[in-house]
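Thanks for coming, everyone. Please bring up the structure on your screens, and I'll walk you through it.

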Amino acid sequence: MSEKKINHITQVVDITSPAMNSMLGRYFIGQSGELNFKNKYNAWSGIINPENSGVNLYFDIFTITNFSSQSYTSEIWLNAKPPKKVKISTTVTPSNQAITPPPKPKAIMEYADNITEPLIGGANIFGRIVTSNSTLVSDSHKGSMIIGPGGSFSILLKSSQPETIKGIIVLTWWEEKI
Amino acid sequence: MKFVIVKNKKQPQKVVVLSDAVYHSYLGKYFLGQTDTITFGCGYNAWGALVNPVDSDVNMYLNAYTISNFSSQPLTAEGWLSSVLPGKAKVSKYFAAGNQSITPPPLPKVKIEDVSLVTKMPTGGTYTFVRRVEPDETLTKHDFQGMYIIPPGSSFALYFLSPGTTQVQARVAFGWWEERIC
């Protein structure tokens with residue numbers, strides 16, 4: 001190719017939305033506490049966008065770990081109301097650790113286990129079987145699920161086994177001002 | 001890597017690349033949803049499908065499907081395009097727009113339908129592909145990025161063959177976007 005022809009080609013650096021938002025300190029990773037559940041006693045974890053947050057949440061990746069030797073079912077919910085008794089997760093951090101002070105997310109990660117009441121509100125949009133002794137890693141949703149103030153993204157874990165099963169959920173997302 | 005030695009005109013610009021699915025979610029046109037649990041076996045088949053109504057005025061662009069096999073049997077799922085599907089279909093209520101920051105949240109024109117325990121096969125259209133689904137697992141197929149384009153009056157169906165003499169349960173989920181036909 002001649003020099004002239006090459007000059008017509010524009011080079012661009014391809015940056016994904018998650019990478020860009022990480023550079024801006026707006027990308028967060030949250031992990032639930034240990035979740036215990038069994039037949040008729042479910043477990044749940046999710047990120048809640050507070051009513052007055054002023055941001056939308058752009059959901060990226062979930063991982064679901066199964067520490068047991070039995071598979072179980074997970075349900076993915078948009079905008080479900082959290083169960084009555086929840087704990088707030090403290091293991092939430094920005095993916096960009098180079099910013100001081102570290103940015104804090106507006107979203108709150110919550111979790112609950114051994115719950116007997118059904119989830120109320122919202123929609124159960126899809127489900128995944130989590131095989132035994134494994135970590136299921138979702139594809140990068142790259143922000144195709146967007147949670148407005150007052151909404152939530154959450155995962156319900158269900159088992160038909162009488163023995164207690166241990167699981168952990170990790171969620172990643174970024175936040176943009178409205 | 002240092003760019004200082006690179007001539008100014010060769011400094012590449014940084015661009016954020018959005019996938020078509022994400023772009024359509026920003027527009028409120030991307031949807032996710034699933035069938036109810038479907039039952040088949042003992043000689044009876046079942047299906048789950050995305051059905052684009054005749055009067056929808058949109059084309060449907062498929063981005064992803066998943067198949068959850070809740071049984072201990074491997075299953076066979078057949079992909080049928082634009083076929084006439086047998087049985088009385090149940091319309092799913094398990095769906096939502098990916099973009100929940102729009103008030104009120106947008107609703108899809110395309111319907112998710114399913115039928116359990118049928119014997120008739122789909123007719124017309126094309127039996128396009130086949131997938132074997134391992135026991136007790138969710139098969140995921142992502143990032144079609146709109147390769148399958150389904151017009152009004154047409155459908156994308158996953159038809160499950162009876163695995164023999166046991167009754168089994170499965171569930172199908174889809175991700176798709178919709179574009180108005182000009």
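**Starting from one leucine**

Let's begin with L57(A). Leaving out residues up to four places away in sequence, L57(A) touches I47(A), N49(A), A107(A), I147(A), F153(A), W173(A) and E175(A). Touching, or contact, means that the C-beta atoms of two residues, placed from the backbone, lie within 7 Å.

A word on what you are looking at. This is a predicted model, where local features need pLDDT of at least 70 and side-chain atom pairs count only at pLDDT 80 or more, while totals for chains, interfaces and linings use all residues. Residues are numbered from 1 along each chain as its sequence is written, and chains are lettered from A and ligands numbered from 1 in the order in which they are written.

**The core**

Back to L57(A). Which residues have the most contacts inside the largest nonpolar core? L57(A) is one of them, along with W173(A), W47(B), L50(B), L158(B), F160(B) and W176(B). That core has 84 residues. Its largest share, seven residues, comes from strand β14 of chain B, residues 167-180.

Two terms here. A nonpolar core is a set of buried Ala, Val, Leu, Ile, Met, Phe, Trp, Tyr and Cys residues joined through C-beta atoms within 7 Å. Buried means 20 or more other C-beta atoms within 10 Å of the residue's own; exposed means 12 or fewer; partly exposed is in between, with C-beta atoms placed from the backbone. As background, nonpolar side chains tend to be buried together in soluble globular proteins.

**A sheet in chain A**

Next, the strands. Helices (H or I, at least four residues) and strands (E, at least two) are DSSP runs, numbered from the N terminus. Two strands pair if DSSP finds at least two bridges between them.

Chain A has an open sheet of six strands, in the order β7-β9-β4-β13-β6-β10, with antiparallel pairing.

Now the pairs. β4(A), residues 42-48, and β9(A), residues 108-115, pair in the antiparallel sense over six bridges. There, I47(A) stands opposite M109(A). I47(A) is also among the residues that L57(A) touches.

Move along to β6(A), residues 72-78. Six of its seven residues are buried, so β6(A) is largely enclosed by the rest of the structure. β6(A) pairs with β13(A), residues 152-158, over six antiparallel bridges. E75(A) stands opposite L156(A) in β13(A). β6(A) also pairs with β10(A), in the antiparallel sense, over seven bridges. In that pair, Y72(A) faces V130(A), standing opposite it in β10(A).

**Where the chains meet**

How many residues does each chain bring to the contact? Chain A brings 29 and chain B brings 31. On the chain A side, the elements giving two or more residues are β1 (12-15), α2 (17-23), β10 (123-130) and β12 (145-147). β10(A) gives the most, with seven residues. By class, that side has twelve nonpolar, 13 polar and four charged residues. Here Ala, Val, Leu, Ile, Met, Phe, Trp, Tyr, Cys and Pro count as nonpolar, Asp, Glu, Lys and Arg as charged, and the others, Gly among them, as polar.

Four bridges join β1(A) to β1(B), residues 13-16, and the two strands run parallel. I15(A) stands opposite V16(B).

**Chain B and some backbone details**

Chain B has one helix and 14 strands. Of its 182 residues, 40% are buried.

Most residues other than glycine have a negative phi, and most peptide bonds are trans. Here are the exceptions to look at. A cis peptide bond joins T100(A) and P101(A), with omega about -10 degrees. P101(A) sits in the loop between β8 (91-94) and β9 of chain A. In chain B, a cis bond joins T103(B) and P104(B), with omega about -10 degrees. P104(B) is in the loop between β8 (94-97) and β9 (111-118) of chain B.

Last, D136(B). Its phi is near 50 degrees, a positive value in a residue other than glycine. D136(B) lies in the loop between β10 (126-133) and β11 (137-141) of chain B. Buried or partly exposed? D136(B) has 17 C-beta neighbours inside 10 Å, so it counts as partly exposed.
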